[in-house]
Amino acid sequence: MAAIISGYDLKQRRISTQALLQQIYRSLEQGETEFEVTSSGHHNIGGPLWTEDGRPLKFRVKNPGQRVGSFGLEGTEIIVEGSAPADAGWLNAGAELTILGDGGDTTAHCAASGKIFVAGRVGTRSGSLMKHDPAYANPEFWILKNTGSFSFEFMGGGIAVVCGYGREDLPSVLGDRSCMGMVGGTIYVRGPVDGLSDEVWMLDLDVADQKFLQENMPVFLGKIGRSELEHELTDFSRWRKIVAKSYEERNVHSRMTMREFRDQRWVGNGGIFADVLKDDYSHVAGLVNAGADRIKIPHWQDKRFGAPCQVACPSNIPTQDRINLLRQGKYEEALALVLKYSPFPASVCGEVCPNLCMDACSRRYIDKPVAMKELGRLSRNVAPPELPAASGKQVAVIGGGPGGLAAAWQLRLLGHEVTVYEADQEIGGKLRQVIPTDRLPADSLASEIQRIKDIGITVRNNTRVDADLFETIQKENDAVVIASGAHNAVVIPFPGHELLTKGLDFLKDVNAGKKPRVGKRVIVIGAGNAGMDVCLGAYAMGAEQVLAIDVQRPAAYKHEIDSVKALGGEIRWPVFTEKITAEGLWTKDGELLQADEVIIAIGERPDLSYVPREWLTDRGMMDVDACNHVVKTRGVFAIGDTTKPGLLTHAIGAGQEAAFQINDYLAGKELKPIVKPELINQSCLSKELFKPRNRGRFCVTDAKDEALRCISCGTCRDCSMCLEACPEGAIRRVEKADGTFEYVSDDDVCIGCSICAGICPCGVWAMEIMV
């Protein structure tokens, strides 16, 4: 029998909330665990309560007041017969709260654990500040109908399900301005959605999402007594999910570099002066001194600092070393060097890479950056390096895109057996599937893919990895690399978004030779690099007029934009889309941009439904540490777009680093993050020693001639200028037994004049100030 708790005294007068709660406490002390509560707006019924022996508590409540179930603990079940006012389930810490009616404002506010089921609708700001402590299960918030405005404000974690049942007439089942400030968690929603925060993405369900709803929907409907709705509410064609944008996606904006701020904005002068030093004058040095009396001492610091090109390159390619080998006439060795860092010197470095190395190149301050693209193409047909002895270890790579192949390449060069699992008919990923062939020649990519296969990497094409296969792969391999990329296009839920063509699918069809039909007028939403590829693809398919729009300054590289404009393409920003119709695209300013086809290209998300859900972050990406190792398991590493959005070259660099980390992991070593070399300061370089070329007449006819232009930042080019210029003859060149060399300064002769540091074109000599 349940304990009967009444909110009225013997004269049927309402008692205070404190008096009602004291009745519950007394009954609990007497061993009662089930309670029938007849309330009259009394607050805080249902928590936080527990029993000493851990027996569960159950409350059935009529006519509760605010905060029913607030602070409810695990093992507590609360059923509200009818509706509940504001703050139901506030700060829920594990209880199960079922409301057999509507929930008031701020239902599930700050919920951190447990489950809340609502048989009707909920009020404004419901689900706001939900959070997830990784030590406990996700809080769940199930709503049969709809929410009020400002729902899920500042949501940081947990799972919410809004079924939208019977509310198809509403503009949005989430109310107005939903998900403002959302940074984590997942919201599954069925029905119309409008007025979403621009800090979130609305995506299609993947296999794992459908499985979650399929398994848990019957539980929810059973709790609220509406099991007859199961068939209707498990039609997943009407469901979408909402996730927060990543930090990088929310903070895409232009900002000046620290150097620009210093050079353009900081106008200070003068300095800080030290106090007068005390000196007993026991030893007085001359005007010109050697040995210990020097004010400055030179140090030859070959490779102490990294060249700008190497530091900027995600694949860490030391171009200065490559060019030094060319300068020494070691052509084959120079062209083979790059293969130790990337399997795609021709197709990526030479064709599609945005060449961050060239943007950083010190030579650009003189005339033009060193021609990295042309240098990369020289290595197209170079034979792969010799393989070491077999390690006896087996590694699987899921995904045959640039990141996965880079990881597989490096792992094979380290002596491990590697198997690549690729869902498509051929490896290459977006290099082969998406990038137009006029930007990446097919024969260039084919030759480099063949070189990858030639070193003994096993490739299983047409093999899509699901949860069962992944489990088998884990068992059969010593380590696994997850590099399946991002192939689920992001679509913003404008009215009419179902009329949109996904940019990624469009580019895949173009590259597959399917020749997708487009009208004469095409609008592309998104002016990043992918958007420019879509524009080029549209022109290739017969479009006559292509317009790319964006809400911010186009993120595409200048040469990408120039390629589109050269074909007559137009780019406009900022343009905010209101809706899509058969006529074209309507902006929020009321302007109609007429179009026969509207293609959206604003990014993609990965499909990671084959891995356990707990391996993912709240944003649905692989949760890895600084060594690319998955946090929640051992021996599994993840790279590229499965961890965060990035460029193709970022994926290649991550694949290289992951391979080195896996090699240490297989050897039983402690994993440590790979740190790039410290960037050399431009002030260390003597750029005035190099003769500028006329930029207007500059033309690369032979990439090997770039050996004459490279400054060799931070790496000695063995020019002997320091040896010849030293006024005291203190510097000599020392040849070592292994064929390397170094320059040495004689302390007994050197006077610390700094001429060696001043004349060194590479910034290798540095002066230490003696105190």
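The protein chain folds into 21 helices and 30 strands, where helices (H or I, at least four residues) and strands (E, at least two) are DSSP runs numbered from the N terminus. This is a predicted model, in which local features need pLDDT of at least 70, side-chain atom pairs count only at pLDDT 80 or more, and totals for chains, interfaces and linings use all residues. Residues are numbered from 1 along each chain as its sequence is written, and side-chain values use heavy atoms, with hydrogens and water left out.

**Exercise 1. Describe the chain as a whole.**

Start with the extent: the C-alpha trace spans about 110 × 80 × 60 Å along its principal axes. Next comes burial. Of the 771 residues in the chain, 49% are buried; buried means under 20% relative accessible area, exposed over 50%, and partly exposed in between (1.4 Å probe, protein chains only). Finally, take the contacts (heavy atoms within 4.5 Å). Among those with a separation of 6 or more, 61% join residues 24 or more positions apart.

**Exercise 2. Find the largest nonpolar core and look around F35.**

First, the term: a nonpolar core is a set of buried Ala, Val, Leu, Ile, Met, Phe, Trp, Tyr and Cys residues joined through side-chain atoms within 4.5 Å. The largest one has 45 residues, and I24, F35, F59, F141, F152 and I242 have the most contacts inside it. Helix α1 (residues 17–29) gives the largest share of this core, 4 residues. Another core, of 43 residues, lies apart from it and includes V382, V397, A408 and V420. As background, nonpolar side chains tend to be buried together in soluble globular proteins.

Now go to F35. Leaving out residues up to four places away in sequence, F35 touches A2, A3, I5, I24, S27, L28, L57, K58, F59 and R60.

**Exercise 3. Is S379 buried or exposed, and which residues does S379 contact?**

Locate S379 first: the loop between α11 (372–377) and β13 (394–398) holds this residue. Then check accessibility. S379 counts as buried because its relative accessibility is 0%. Last, set aside the neighbours within four places in sequence; S379 is then in contact with L335, V338, P345 and R451.

**Exercise 4. How do α16 and α17 pack?**

Take the geometry first. The axes of α16 (residues 503–511) and α17 (residues 529–540) come within 10 Å and cross at roughly 45 degrees. Axes here are lines fitted to C-alpha atoms, for helices over the stretch in contact, with angles running from 0 to 180 degrees between N-to-C directions. The two helices are therefore oblique to each other: angles under 35 degrees count as roughly parallel, over 145 as roughly antiparallel, 65 to 115 as roughly perpendicular and the rest as oblique.

Then list the partners: G503, F506 and L507 in α16 meet A530, D533, V534, G537 and A538 in α17.
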